[in-house]
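Hi,

Here is the structure I promised to pass on to you. Have a look at it first, then read on for my notes.

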There are 2 protein chains.
Amino acid sequence: MEIDTSPGAITRVPGFRAAAVACGLKQNGQADLALVVCDCPANAAAAFTSNAFRAAPVLYDQELLARCHCANLRAIVANAGNANACTGEQGMRDAGRTARLAESLLNLPRDSAFVMSTGIIGHPMPMAKLEAGLRAACGGLSPTGGADAARAIMTTDLVPKEASASFPVGRATVTLGGMAKGSGMIAPNLVVPAHPGAGRGHATMLSALVTDADVSTDALHAALGRAVAASFNCITVDGDTSTNDTVVLLASGGAGNTRINVGSGAYPVFEAALVEVCTSLARQIARDGEGATRLVEMVIQGAASDAEALQAAKVVATSPLVKTAIFGADPNWGRVLAAIGRSGSAVNPAQTALWLGDIQLVAGGEPLHFDLEAARATLKQPEVRFTARLGVGSGQATVWTCDLSYKYVEINAEYHT
Amino acid sequence: MEIDTSPGAITRVPGFRAAAVACGLKQNGQADLALVVCDCPANAAAAFTSNAFRAAPVLYDQELLARCHCANLRAIVANAGNANACTGEQGMRDAGRTARLAESLLNLPRDSAFVMSTGIIGHPMPMAKLEAGLRAACGGLSPTGGADAARAIMTTDLVPKEASASFPVGRATVTLGGMAKGSGMIAPNLVVPAHPGAGRGHATMLSALVTDADVSTDALHAALGRAVAASFNCITVDGDTSTNDTVVLLASGGAGNTRINVGSGAYPVFEAALVEVCTSLARQIARDGEGATRLVEMVIQGAASDAEALQAAKVVATSPLVKTAIFGADPNWGRVLAAIGRSGSAVNPAQTALWLGDIQLVAGGEPLHFDLEAARATLKQPEVRFTARLGVGSGQATVWTCDLSYKYVEINAEYHT
């Protein structure tokens, strides 16, 4: 399936409008409030951080979904610059006021608007600014506003993240579009509420996904669970799972296809499209990790289970020693094996194998002679892949991360509260 | 108990001699081989990394302890510059040859010498250099060689780590002395073999501990388990548990005290001394973490259990966002709570409290107004302490770490294999 990552993904989906405004939450004066609105009531599914300190907008959205039974949703209000996290009772009131104001300004029924926030933790939301911004955004909704919305939710992101796909469902053509943000505090461990089969993994990352397909809420939840497990929950920049990670998926039904249920013939097609769009967004986040100079793909095979493979891959992908070696283009592969060895995943050292790109470094647990200059050159490419086989079973997983550079330290040490 | 951290700790213990030589394992030509020898057969206990890729010297020492029943030990050969890890069968032969050569040169019985290694992973040990060095070291043993030995095991360490204490046991005075190394790949998760009550935690850290006290092997194992759990397993620099972490404790009995058994009245005194010496060494390692500008103490209280408190403290202590904020002296406390919240330890957000030094930042889950300049000044001190109360139970733990600086990236990215 062809994934279009050009600007404006959200509003390539017919029936969705978006707007972005600068309301003063970002100190640099750039756009910091995005609004996405569906022209008709949409079914919804969402996934939220598993951090114990879930931010007020996360708690608000979770309660909202329970109240509205995942149906009749119309809007997403997303701000950057303030996370409304660790803000106590005031934070909960502010999240609710934001939703109420959006619903009121847009003449929508109560309980039809999601809220999402990203930014500094522990500071009360400047509600006067946010409310003024929301009024302006409601007046600026546009069927071509997607690209601006994707920029408005950026924090330390250098580039917006967007992806969309169109595909046939029966005689209808449906479109799926998404935007995401995330660069630091990235290690999503998202859970789709009340759907225990959903994957887990670790960021503030925010993502809004919209489609004009007609999809049942059960099918939306099932597909989002699979997509999140295979994408956002497989990326890490710093291992720091955020208090605010949120993914919201809205399906308007405007395309007029026969409704997709979990057992429908079209379900696998929809799920596959959602997996691909989310994977594109997730890789865009890892590539734009704070200070990143390279996208790193860590593949683990031969683990006792897929879960153990994922665990091992995440430990390698968060190892400061591995990430700095990659920044330095140093093929110090012992750091990769040491990280796997501390992951808690079962390993058969004598059956372990390791590759850097196509260069095999270790076979049967024994170090191989390899071309050091070729290995260094491989590490200097914009995308670096390590593949490790643990020699235990058939479990496998792929995790995307980035290297750890001086710039990472600068971004996070010279950021002042 | 007074802990003496001045140079020469190991050889302040009567009956122990030490030597250090440069044999070419370190590229900079500094001393890289240390030898510690006891004048009489000693009882022993040891703790080893839980990394699945245990290095050859770790595997060798574990087998040695089983063969010799933790008795009649005489020597420790420790090298820096090459870890002899992930070196396959050749590595195992090299570890054994090293022990045999030491025993032969010193006229000791077979199975009386430990080996320890730290350095690059995956390179075969340059045995010709090591053997020449070992010959020189055997000729250079001295009752004042402790300080040189402590320097010889350093890798990226900027300073040697030494600690000793003397205390009465009955009418005898006993001395306990230790040296340690460790700066990167520090997150010891040491296990005392066959003593399941022993603590776990995560480095290459190496430590040699020696005493002239007469202590049974059972009492040595019990005391080392407690000491390691409270010290080395409570430090982290980078979260990267090494393949080589090793702590060896030798007790010669030369002091002539009544033998200390687990039930002896003197046992708690011995255990307390060992805990204090190990804690001093562990803090010295954290303070000298790669690129460190500050020692950071993370205290967790009110957790469901001590184990959950330790888990939460370690997650905070390895969070790149927390560590860079401390380097930048930025009181961005939301990063601390976010790290606690992702740790998997139970938390009651509405009952959470947080202090930076003596400055309370959060009470009852609500952010407090605090003096930003005072907080910044507190973060600029050489020792920084955060205390978090999770509001769940009475579990507590303290973990020592350091900040994450530009220098950390330099050390690990510009290190070339």
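This is a predicted model: local features need pLDDT of at least 70, side-chain atom pairs count only at pLDDT 80 or more; totals for chains, interfaces and linings use all residues.

α2 in chain A runs over residues 88–105, which makes 18 residues. From its first C-alpha to its last it reaches 26 Å, close to the 26 Å expected at 1.5 Å a residue. Which residues of α2(A) are buried? They are A:Gly91, A:Asp94, A:Ala95, A:Gly96, A:Thr98, A:Ala99, A:Leu101, A:Ala102 and A:Glu103. Two helices of chain A pack against these buried residues, α1 (56–68) and α3 (127–139), and so do the strands β3 (73–82) and β4 (113–120).

Next, find the open sheet in chain A. It is formed by 6 strands in the order β13-β12-β11-β14-β10-β15, and the pairing is mixed. The edges are taken by β13 (366–367) and β15 (395–402) of chain A; each has a single partner strand, so one side of each is left without a neighbour in the sheet. If "pairing" is a new word for you: strands of a sheet pair through backbone hydrogen bonds, either parallel or antiparallel. For an antiparallel example, look at β11 (residues 353–356) and β14 (residues 383–389) of chain A, which pair over 4 bridges.

Now for the cysteines. How many disulfides does a search of the whole structure find? The count over all chains is 0. Take A:Cys402: the closest cysteine sulfur to its own is in A:Cys234, 15 Å away, which is too far for a bond. A:Cys402 also counts as buried, because its relative accessibility is 1%. B:Cys38 is in no disulfide either, with the nearest cysteine sulfur, that of B:Cys40, 4.1 Å away. The cut-off for a disulfide is sulfur atoms within 2.5 Å. B:Cys38 has 1% relative accessibility, so this residue counts as buried too.

Over all chains, the search of the whole structure turns up 2 aromatic pairs. In one of them, the ring centres of A:Phe327 and A:Tyr406 are 5.7 Å apart and the planes are at 80°, so the pair is edge-to-face. Because A:Phe327 lies in helix α8 (residues 320–327) of chain A and A:Tyr406 in helix α11 (residues 406–413) of chain A, the pair ties together parts that are 79 residues apart in sequence. A:Tyr406 counts as partly exposed, because its relative accessibility is 25%. Over in chain B, the rings of B:Phe327 and B:Tyr406 also have centres 5.7 Å apart and planes at 80°, so this pair is edge-to-face. B:Tyr406 has 25% relative accessibility and therefore counts as partly exposed.

Finally, how do the two chains relate? Chain A can be laid on chain B by a turn of 180° and a shift of 0.0 Å along the axis, with an RMSD of 0.0 Å. That is the relation of a two-fold axis. Which C-alpha of chain A is nearest the axis? That of A:Tyr406, 2.8 Å from it. As for the interface, 98% of the interface residues of chain A are also interface residues in chain B, so the copies meet through the same surface.

Technical notes. Residues are numbered from 1 along each chain as its sequence is written. Chains are lettered from A and ligands numbered from 1 in the order in which they are written. Side-chain values use heavy atoms; hydrogens and water are left out. The expected span of a helix is 1.5 Å times one less than its number of residues. Buried means under 20% relative accessible area, exposed over 50%, partly exposed in between (1.4 Å probe, protein chains only). Contact means heavy atoms within 4.5 Å. Copies are superposed by least squares on the C-alpha atoms of residues with pLDDT of at least 70 in both. Two strands pair if DSSP finds at least two bridges between them. Rings of Phe, Tyr and Trp (its six-membered ring) pair if their centres lie within 6.5 Å; planes under 30 degrees apart count as stacked, over 60 as edge-to-face and the rest as tilted.
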